[in-house]
Amino acid sequence: MLFKFPTASQAREDEVTPHGLYLSRRALIGGGAAALALGGTAFPQAARAATFQVPTTRQPADAALDAVTPIKSATTYNNFYEFGTGKADPADGAKALRTRPWTITIDGEVAKPLTIGIDDLLKFSLEERIYRLRCVEGWSMVIPWIGFPLAELLKRVEPTGNAKFVAFQTLMDPERMYGQKSWVLEWPYTEGLRLDEAMHPLALMAVGMYGEILPNQNGAPIRLVVPWKYGFKSIKSVVKITLTKTQPPTAWNRSQPREYGFYSNVNPEVDHPRWSQATERRVGDFSRRKTLPFNGYGDEVASLYSGMDLRANY
Amino acid sequence: MRATLNTLLLSRWAKPVVFALALVPLVWTVWLAWTGELGAEPILESVKQSGLWALRFLLIALALTPLRLFTGVAALARFRRMLGLFAFFYASVHLLTYVGLDQFFDWPAIGKEILKRPYITIGMGAFVILTALAATSTDGMVKRLGGKRWRALHRGVFLAGLAGCLHFLMLVKGWQSAPLVYGALCIGLLAFRRWPVRLPNSRAARA
């Protein structure tokens, strides 16, 4: 790869934001004046230990512009149609999700097919990355994910020369995922990436967020995070990964192909047929802001699409 | 039972009470927004809630006549205008929250959206119809237009209802059940007007 990406050990000390700082940021927002008045002792929560003590390897260039979204918003405003179509549905409904035992099966065009349990997945070298998340509906958040590069997982199975795409599948469990009894989408939820997209260092498999184990409504126990694409590409509660020769079917694309393309890169120039993608509202903000090409990750990912017509390949 | 209901609905407190009840969704939503309980995206939620209540009041207003015919509670007819106007009221709140809060008076963007997005065009169409109906809802306007023309114009309420349901169906992602339920109710009410079902025990059948 051409881009330089800091590994965990390269993170500067000042880049590492402990979990306590998120809490204190929230305290600052919530208790504002009171916290300031207390001056030096303003952040008593900072001592609280997080479940994951891992280095932060990636955060927004401008922390004020891209302040971390309050955890309450990130855990109560979710699109996870397996648990209903309402934004608040998953926070309650996903309590039923069983995340143990859990395995991911990786097969298809690979030299070494693998079924790996969640406890072994947690043994990957974990890092924290603060990514912007842009939903196709026109809202966005900033989430501190805990995870490891998808590439690390894919390297283990040794993709063959035939492998061109990577297909992902969410758990199918209509008894607990009662949304799967509805016909809003074809179940189980599926997603896909081109192999080079999947191998890109920004593509993350997340097992936690805000320093803690991934909440069920956010796709526990393990999910994909592709920050330069619309949120629905970042498939939740993954149980199966298949490397394929041809472009795999994906859930929203099958449902409404004109509206949700395979690539679905964040692109302010290409409107969704029913709404503009030029602007977004950061959850918690009052006014909208301009949406950035590739959600602001263009420097790192635009080269993946050089020569491609992004209007045709929306 | 029918007599009691009629007496209650004819009392001079009935209209103020219904009026106050019809404001509950607004007050409740404002309260939730004020206390930060409207969720992570209070602006979108306000837009959504006001739109839903506009549709609900429209369906309630349309259901009053069939309900009156089935139950024989004649006094229900008194509330048609008020509840229809509440549908217009919530539709106005819906439009205002979209224009003022969601888009923050970005007129060029709003104009483009209305022309470019069929679901917004259709929603605006419904609002234009409701505005015309609200403007002609007074006794004076009924007289001025004449009963026949007024009734013809006000049959547009079904068009507004269907447009509202279509607007809802088109804006959600995927095939969701809620807009289909609203649409089915609206079509059912329309069908009832076209081909009134006469139940054996309804007053209409005996009359």
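## Two crossing helices in chain B

In this predicted model, the helices H6(B) and H9(B) cross each other in a left-handed sense. Helix H6 of chain B covers residues 118-135 and helix H9 of chain B covers residues 156-171, and their axes come within 8 Å of each other while crossing at roughly 155 degrees. Because angles over 145 degrees count as roughly antiparallel, H6(B) is described as roughly antiparallel to H9(B).

Which residues in H6(B) and H9(B) meet? On the side of H6(B) they are B:Pro118, B:Tyr119, B:Ile122, B:Gly123, B:Gly125, B:Ala126, B:Ile129, B:Leu130 and B:Leu133, and these meet a set in H9(B) that includes B:Gly156, B:Val157, B:Leu159, B:Ala160, B:Ala163 and B:Gly164, as well as B:Leu166, B:His167, B:Met170 and B:Leu171. Sorted by class, the contact of H6(B) with H9(B) holds 14 nonpolar and five polar residues, with no charged residues.

Helix H2 of chain B, which runs over residues 14-34, packs with helix H3 of chain B, which runs over residues 42-71; the angle is about 170 degrees and the axes are 11 Å apart. H2(B) and H3(B) are therefore roughly antiparallel to each other.

Where the two helices touch, B:Pro25, B:Thr29 and B:Ala33 in H2(B) meet B:Pro42, B:Ser46, B:Gln49 and B:Trp53 in H3(B). The residues of this contact of H2(B) with H3(B) are divided into four nonpolar and three polar, and no charged residue is counted.

## The open sheet of chain A

Chain A contains an open sheet of five strands, which follow the order S3-S2-S11-S6-S7 and whose pairing is mixed. At the edges lie S3 and strand S7 (190-194) of chain A, each of which pairs on one side only. From one strand to the next, the twist averages 15 degrees.

S2(A) and S3(A) form a hairpin, with five residues between them. S2(A) is also joined by four bridges to strand S11 (residues 238-244) of chain A, and here the strands run parallel, with A:Thr242 in S11(A) as the bridge partner of A:Asp107. Strand S6 (residues 165-170) of chain A, by contrast, runs antiparallel to S11(A) and is joined to S11(A) by six bridges; the bridge partner of A:Val166 in S11(A) is A:Leu243.

## Backbone details in the loops of chain A

Where in chain A are the residues A:Pro101 and A:Pro221 placed? A:Pro101 is in the loop between helix H3 (89-93) and S2 of chain A, and the peptide bond that joins A:Arg100 and A:Pro101 is cis, with omega at about -10 degrees. A:Pro221 is in the loop between strand S9 (212-213) and strand S10 (223-225) of chain A, and the peptide bond from A:Ala220 to A:Pro221 is also cis, with omega near 0 degrees.

A further loop residue, A:Tyr210, lies between strand S8 (204-209) and S9 of chain A. Phi of A:Tyr210 is near 55 degrees, which is a positive value in a residue other than glycine.

## Where the two chains meet

The two chains touch through twelve residues of chain B, which are in contact with 16 residues of chain A. On the side of chain B that touches chain A, six residues are nonpolar, three are polar and three are charged.

## Confidence of the model

For the complex, the predictor gives an ipTM of 0.79 and a pTM of 0.83. Chain B has an average pLDDT of 91, and 95% of the residues score at least 70.

For chain A the mean pLDDT is 88, and 84% of its residues reach 70 or more. Over residues 1-16 of chain A the pLDDT is below 50, and this stretch has 17 contacts in the model beyond near neighbours in sequence. The pLDDT is also below 50 over residues 22-47 of chain A, a stretch that has 24 contacts in the model beyond near neighbours in sequence.

Technical notes: Residues are numbered from 1 along each chain as its sequence is written. Chains are lettered from A and ligands numbered from 1 in the order in which they are written. This is a predicted model: local features need pLDDT of at least 70, side-chain atom pairs count only at pLDDT 80 or more; totals for chains, interfaces and linings use all residues. Axes are lines fitted to C-alpha atoms, for helices over the stretch in contact, and angles run from 0 to 180 degrees between N-to-C directions. Angles under 35 degrees count as roughly parallel, over 145 as roughly antiparallel, 65 to 115 as roughly perpendicular and the rest as oblique. A crossing is left-handed if the near helix is turned anticlockwise from the far one by less than a right angle, and right-handed if clockwise. Two residues are in contact if their C-beta atoms, placed from the backbone, lie within 7 Å. Ala, Val, Leu, Ile, Met, Phe, Trp, Tyr, Cys and Pro count as nonpolar, Asp, Glu, Lys and Arg as charged, and the others, Gly among them, as polar. Two strands pair if DSSP finds at least two bridges between them. pLDDT is the predictor's confidence in each residue, from 0 to 100.
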